[in-house]
Amino acid sequence: MIINGVTIEDTFAEAFTMRVARIVITGKTARWAREAALKLTGFATSVIGCKCEAGIERELTASETPDGRPGVSVLFLTMDKESLPQQLIVRLGQTVLTCPTTACFDGLPAAPDRLAVGKALRVFGDGFQGSKVIGGRRYWRVPVMEGEFLIEETFGMQKGVGGGNFLILAEHPDAALAAAEAAVLAMTNLPGVILPFPGGVVRSGSKVGSKRYKNMLATTNEAFSPTLRAIAPSALPEGVNSVLEIVLDGTDAPSIEAAMRVGIRAACLGGVRSISAGNYGGKLGPHHFPLRKIMSGVTA
Amino acid sequence: MSDVVVLSLRTAPVGALELAGVTPDRLAQLPQREIAALPVRHAGRAAALGDFFTVKGERAARVRLEGDLRLAEGMGAGMMGGELVVEGHAGRDVGVAMTGGAIEVRGDVGDNTGGARPGAARGMVGGEIVIRGNAGEDAGAGMRRGLVVVTGNAGRGTGRGMIAGTAVVFGQTGPDAGRWTKRGSIVACGPVARPATFRYACTYRPPHVRLLLLYLRERRGLDVADRWITGRYDRYSGDLAELGKGEMLQWAGE
């Protein structure tokens, strides 16, 4: 399959089941909602080192938020049920509770699994906190120096998908970066998907474990590293001198697939030789995203 | 089974008509004939609901009452769920001791809306009451949880002895509002005669009031002005003669 002169390789991305929460942060202005969201999702690129993965799903208009103020929707993922509330309590407490004018709402109200995140954070009020039930949902009012911080008592948790990906194999770094930027731009604000890495792009795609260091969970993917082509088994076609990866997490596989379709198409620019994907032979992750099926419009 | 049970007043009562057992959660279980046979009291004497109302529909948790019901007392008293709409004025004791569901009165109501039964310490413990009109005395008195909204004026003793919950008055709030309150909120968008045992704390924009008023506008269809949603409120803590963890939020401007 060739799109705009770029070969779509006959391979698939392999992704994992994770647990996901959607956090809606509102603020007096979009700027303050964004400030809180950026702090909340900082250092949350990969569960390998950050214990969670998070990113801004999209910005919300005032008409889309519970309190009628501009907001930001954040997706937050962990590998297991237990660590999701732990990470949320620590991070929301340090980043959203502290941020001027913000309030924090559950973005998955229909999810039956509930995480008592606001209920845990209420104790910052040291006994002066109070709650209100509005429309059947309980909110905690935590007194702070600015006034009051409002946070929903529980947040929904559901199964999500982490580790959707595709690789951009280009003739030179500038072409790879331009293609990656185009792909990220095309996927920005798509519902149900985040790109947890810096600017949505990864330059250091990894393999599981290490050949040399026992304590390393992940190390460089030499098969896709151009500088190692001469001394290690390489997966790079001739003429490829730089590779960038786009990693996608989301609320469900169809959302990831839809975003990949848009992103891959946008990445097929001049200087890109092919689009590939990372997998583990199909043995580790239950979610497979075959590139050619996705790009031909066939649901994977 | 129908979508709604409609009770249309056919015979006007000449004395107090007690409707305490006529609740949506109960009517949701009953066929039309049994609804008409539900016991009520009229002027202190036993009667049947069907003696006064024409019943349409059955086995529905949405109930609509039609007619001049100023002499009807205890509508929605103790209700646990469902929806009760009164098309017109209602008498006293609307929603007393209710635990869930929603009541909407499209007219004025008498005293003790959402309050306690005689001798009981607690008023309503859940659910929502929206009065599209004026309320008599003691609206939300002794309430433990829940929401009472009055779009017009509320009489003396609104939220008196509240244990928790929220009362919102868009018009004028009468004297002794919040007296003996332990916790809970009284949101006064209009003038309020505040007891001296409430102490000023600050002027701010309470985020939960914004959320609540937006909910009332968007989900309950009330005509809530932007100035109340985005406005500043004076916060008074009280009743300091009691626990003092309650609050009165008085609208202070845009």
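How much area do chain A and chain B bury between them, and what percentage of it is on carbon and sulfur atoms?

1. Chain A and chain B bury about 1300 Å² between them, and 60% of that area is on carbon and sulfur atoms. Buried area is the accessible area (1.4 Å probe) that two parts lose on being put together, summed over both. The size of an interface is often given in this way, as the accessible area lost when the parts come together.

2. The model is predicted: local features need pLDDT of at least 70, side-chain atom pairs count only at pLDDT 80 or more, and totals for chains, interfaces and linings use all residues. Residues are numbered from 1 along each chain as its sequence is written, chains are lettered from A and ligands numbered from 1 in the order in which they are written, and side-chain values use heavy atoms, with hydrogens and water left out.

3. Chain A gives 15 residues to the contact and chain B gives 17 residues, where contact means heavy atoms within 4.5 Å. The rule finds 1 salt bridge across this interface (a side-chain nitrogen of Lys or Arg within 4 Å of a carboxyl oxygen of Asp or Glu). Arg141(A) and Glu247(B) form a salt bridge through their side chains, at 2.7 Å, N to O.

4. On the side of chain A that touches chain B, the elements that give two or more residues are strand S8 (130–134), strand S9 (137–143) and strand S10 (148–152) of chain A. Strands here are DSSP runs of E, at least two residues long, numbered from the N terminus. S9(A) supplies the largest share, 3 residues.

5. Chain B has an open sheet of 4 strands in the order S4-S3-S2-S7, with mixed pairing; two strands pair if DSSP finds at least two bridges between them. Strand S4 (45–48) and strand S7 (72–73) of chain B are at the edges with a single partner strand each, so one side of each has no neighbour in the sheet.

6. Strand S3 (residues 39–42) of chain B runs antiparallel to S4(B), joined by 4 bridges. Arg41(B) is opposite Ala46(B), and Pro39(B) is opposite Ala48(B).
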